[in-house]
Amino acid sequence: MKVLVLGVDGYLGWPTAMDLANKGHEVWGIDNYLRRDLSRNLDIEPLYSIPNLSERVRIFKDVTNKEITIRIGDLVNWSFISSIFHEFKPDVIIHYAEQPSAPYSMLSREATILTLNNNIQVTANVIFAVRQYSPEAHIIKLGTMGEYGTPNIDIEEGWLEIVHNGRKGKFLFPRQAGSLYHTTKIMDTDLLWFYVRMWDMQVTDLMQGPVYGLLTDESMLDHRLLPIFNYDEVFGTVLNRFLVQAVIGYPLTVYGKGGQTRGYLNIKDTLNCVRLSMENPPGLGKLRIMNQLTETFTVNQLAEMVKAVGDTMGLNVRINHIENPRKEAEEHYYNPKHTGLLELGLEPNFLTNESIHKMLDTIIYYKDNIQKSSIFRNIKW
Ligand code: USQ
């Protein structure tokens, strides 16, 4: 298939592009280095330096003999995105091209406006580009479990049937996000659902939980192919942060009581979920929503698991409950359904002592690069 990966420089975009190219698809990747620019402005560096996209593509070609075509530009710019679609006419669009950080989106008015403008406009441009150049193409959009928040009822996969005054209807599951970033994802879903109804587009919206890990089949071939790996407060996700903290003896930063429960998945499973969605399109006129997670943990459970494995490796891991910089429930009910991707054939890579050990080993290799100062910035909301 002809696959367009939007946001190809990111933590998930680059491994996705390599995975699909390696499996024989024709892959084009687009990025404007937004995340690298924002990180630089905030004095945040990833765990190891990442070659630019042209260089990454050259290394990938040397290692696998497979090609990825890169175009650098801003998808908010209509003439740029329309020229890409006009030339490539993709069968599938994998849309990661968003400002992905909740803390960043809560940093300032400017950061809020940047997040809103980027995320909503890129999604709208993708919709219009598909309509104009590839009306039957399948849009795979990375949403987030954070769209649902933490309701006191079971979380369904996208939809809820409601009986009201004796009549029945099916609606999008109620959404109530905990950050402005997560709110933009709700807005994306609404935009996509509107145009699915108006223009019979076909869309898969993947409600993903926090992802962890760094090794995928391709990045294992050559460390220069590793994804951007952040452990800072802005772009790092919780388990990745804990692993880095464990390696340098920084007490694990559990926010508040640590009962916050989320649905997690290994980076390898993100690739599998996206590929399975691609191989099983929903059909024109459908918005299919699947919850993309493999298991749930509280923050306390994650910290305990990292401590248990770290201690066997002589790391002497400590856990610290610090005042929660976020406004969120710290003890709550959480029961999300996640059968859609399993039914498509997903075989999860669960979090085990062995997988934690492997991730710690890789991080230890880069230990000297870790900047303590970016671990906690206290971005409050
Ligand atoms: N947390 C800690 N200590 C830390 C960092 C986080 O206790 O040092 C807690 C947070 O308060 C939160 C939970 O861990 O309760 C998850 O936080 P996170 O930073 O790993 O994840 P989040 O900000 O929600 O965002 C990440 C990705 C985002 C994706 C989302 C999925 O950055 O792109 O959409 O995970 S979800 O969380 O399900 O909405």
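**Figure 1. The salt bridge between K307 and D311 in the predicted model.** D311 is partly exposed, with a relative accessible area of 33%. The closest N and O atoms of the two side chains are 2.8 Å apart. Both residues belong to helix 10 (residues 299–312), where a spacing of 4 residues corresponds to about one turn of the helix.

**Figure 2. A network formed by D19, K23, R275 and E279.** Side chains of opposite charge can pair when their charged atoms come close.

**Figure 3. The salt bridge between K141 and D188.** Here the closest N and O atoms lie 3.0 Å apart. K141 is part of strand 5 (residues 138–144), whereas D188 is part of helix 7 (residues 180–199); the pair therefore ties together parts that are 47 residues apart in sequence. K141 has a relative accessibility of 1% and counts as buried. D188 also counts as buried, at 1% relative accessibility. The cut-off behind this description is that a buried residue has under 20% relative accessible area.

**Figure 4. The salt bridge between R175 and D190.** The two side chains meet with an N to O distance of 2.8 Å. R175 is located in the loop between strand 7 (167–172) and helix 7, and D190 is located in helix 7, so this pair ties together parts that are 15 residues apart in sequence. R175 counts as partly exposed at 22% relative accessibility. D190 is partly exposed as well, with a relative accessible area of 34%. In total, the model contains 21 salt bridges.

Notes: Residues numbered from 1 in each chain as written. Predicted model: local features only at pLDDT ≥ 70, side-chain atom pairs only at ≥ 80, totals over all residues. Heavy atoms only, no water. Salt bridge = Lys/Arg side-chain N within 4 Å of Asp/Glu carboxyl O. Helix = DSSP H or I, 4+ residues; strand = E, 2+ residues; numbered from the N terminus. Buried < 20%, exposed > 50% of the residue type's maximum accessible area, 1.4 Å probe, protein only.
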